[in-house]
Each structure stands twice: as structure tokens, then as C-alpha cells.
Amino acid sequence: MIFFTHAVIVYRFALLLVVGCCFSPWLPAGSADVTERAVAVSLYEERRYRESREALRCLDASRALVDEEIDFHLGRLALWFDDADEARSRLERAVDQTPGSARLQNALGDAYGLAAQNASFLARLGWARKCLAAYRRAVELEPDNPLYRWSLLGYYLVAPGIAGGGRDKALAAAGEIKRLDDMAGRIALATVHLAEGRADAAFAQFDPLCPERPDDFMVLYHIGRCAALSGEQIDRGIAALTRCLELGSPRGDGMPTISLVHYRLSNLYAAKGDSVAAAQFRERAWQLNPDFRPDKSALKN
């Protein structure tokens, strides 16, 4: 039995999944290192993760006391680079400081999920259960935040029943997300349907929106995503993602990046047998963002 063969359920899959929204600016008033912190956060927001990590580590080396925010951000960056030990130690320390923080509990769940991926066969179940407990705690603390419910959805999709996973639970989690946010719920339901091999049901989440919102970047991207992941309606997916490129880089937290659009196009052209176009779009994805990680980015978006 193999636990967590996908990229960490994190981002709250949403969106390590959506978790990217948790990287909001944090500038403590009166702090002597406020400028350095602002620079580090700015680097992160520009997706220059290696530089951001280096800047944060410099701040970390100069501190005398535990700094929950530095631990949180460095823990998140450790997750991005698959450094399970650093992610877990930093996020456990941050949770010890503020156990009632939903974002910290959720991030810690991500760290435990990565630990489960990397653990020996016998140790995986223990890490998986700790991952699920942290995700559930985050939802308890902020039940109306769909981002944390995305973590549960991702967990339920990839974890076996013995570890608390299950498609019925994933579908219920998607329903809760839709109750809180219609578009996020459509994406969540499409994700479950794709995992079930039901491409038509996945596309059906976005079909009703197309006539009234023909240039909605999110709708177009997810049509392309459905095509890339299912291998169906490939030409439609290419047209939708090409339109995304014409519309330009979207604004707002949790939006798919242009790098990810190029990556999805590379998948679709590969499915059509056009290896030249596939290679061009794949190369462009990394040109736009040298730190691009399709597994992590796909989950975040």
C-alpha cells in the first residue's frame, strides 16, 4: 500500500492547495528588520522562491527569540523545495507558539503530508494520521475558510481508506467548498470527477459559465486543465489556454500563473503528438519562472 504518491496535499491543494494565499505580507510595526522582511515577502510574491528563502534565512540567523512568522514562511518554502525535516521542525515550533492559528495548523498538516511521502512503509500511516488531524484542526478553527477545506479534499482523494481517505469524503468536502464559494466549489467538484475518470462531469462544472463569461481567465484555465488531465476535448483545451495567454497575467490570490498555463499547453500538445510545440511551451514555463514546480503550482491553483 502506498500513501501520498502525489505532491503534498498541501497547499491546500488549493489552492500545498491555495495555500499560497497564506503568504500575505507580515510587517511587524517598529521592527528593526521591517525593510528586510518587506524585501523577503516581495521576493516570494514575485515567485522568486530561492532568493526569498535566502533573505529569510539571513533574518532567521540574526534573531535572538523565536519568530513565528519567519518559521512559518521558511517552513512553507521548505515544503516547496521538498525539505521535509526543515518544514516540520519550523512549523511545529510555530504551532507551539500559536496553536490556535488555522493557517499554521494547515501548514503543519502539509509538512506531515510530505513526511508521509518520504517515510518508510511502516511509518507512513502515522504521519498520514497526523496530517489529517492538523487539517481537521484548521477547519475547526476557521470553518468558513474554503482554503483549508481544500486540504481535506486533497487528503481524502489520495489517502487510502485505512488512513481516513475516500472519494465519498472528498465529494462531501467539495460540496462544502461550493457552499462557501461557487467558483472554488466548481473547481473542487471537477477535481473529484477527474480523479474518478469522469471527464464529462468535470467539464460540466464550467460549461454553463462559458456563454456569460467568455473571457473569464479562471473558467478558461480550468477548461484547459480538465482537457490536460483527462486527455479529452484537447483542441478545446488548447483554445481556452491560448485565450488565457492573450488575456495576460491574472491578478489576485490563488489565480493560475502564466507559467502554469504554458505547462498545461505543453501537456496538451504532447497529447496531440506535437513534440516541438510541447517542448516550446514547457521551456517557456521555466523561462518565466526558474523556480516553477508544476506539481506544487497545480495544487496551489
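In which helix is L189 found? The answer is helix α9, residues 182-195. The legends below cover a predicted model: local features need pLDDT of at least 70, side-chain atom pairs count only at pLDDT 80 or more, and totals for chains, interfaces and linings use all residues. Residues are numbered from 1 along each chain as its sequence is written, and side-chain values use heavy atoms, with hydrogens and water left out.

**View 1. L189 in helix α9.** Helices here are DSSP runs of H or I, at least four residues, numbered from the N terminus. L189 has 14% relative accessibility, so it counts as buried (under 20% relative accessible area; exposed is over 50%, partly exposed in between; 1.4 Å probe, protein chains only). Leaving aside residues up to four places away in sequence, L189 touches L171, A174, K178 and Q205 (contact means heavy atoms within 4.5 Å). K178 lies 11 residues from L189 in sequence. Their C-alpha atoms are 8.2 Å apart.

**View 2. Helix α4, residues 84-97.** This helix has 14 residues. From first C-alpha to last, α4 reaches 20 Å, close to the 20 Å expected at 1.5 Å a residue (1.5 Å times one less than the number of residues). Buried residues in α4 are A84, E86, A87, R88, R90, L91, A94 and V95. Their cover includes α2 (49-62), α3 (68-80), α5 (102-118) and α6 (121-141).

**View 3. Cysteines C58 and C226.** C58 is exposed because its relative accessibility is 51%. C226 is buried, at 0% relative accessible area. The whole structure holds 0 disulfides (pairs of cysteine sulfur atoms within 2.5 Å).

How values were computed. Helices (H or I, at least four residues) and strands (E, at least two) are DSSP runs, numbered from the N terminus.
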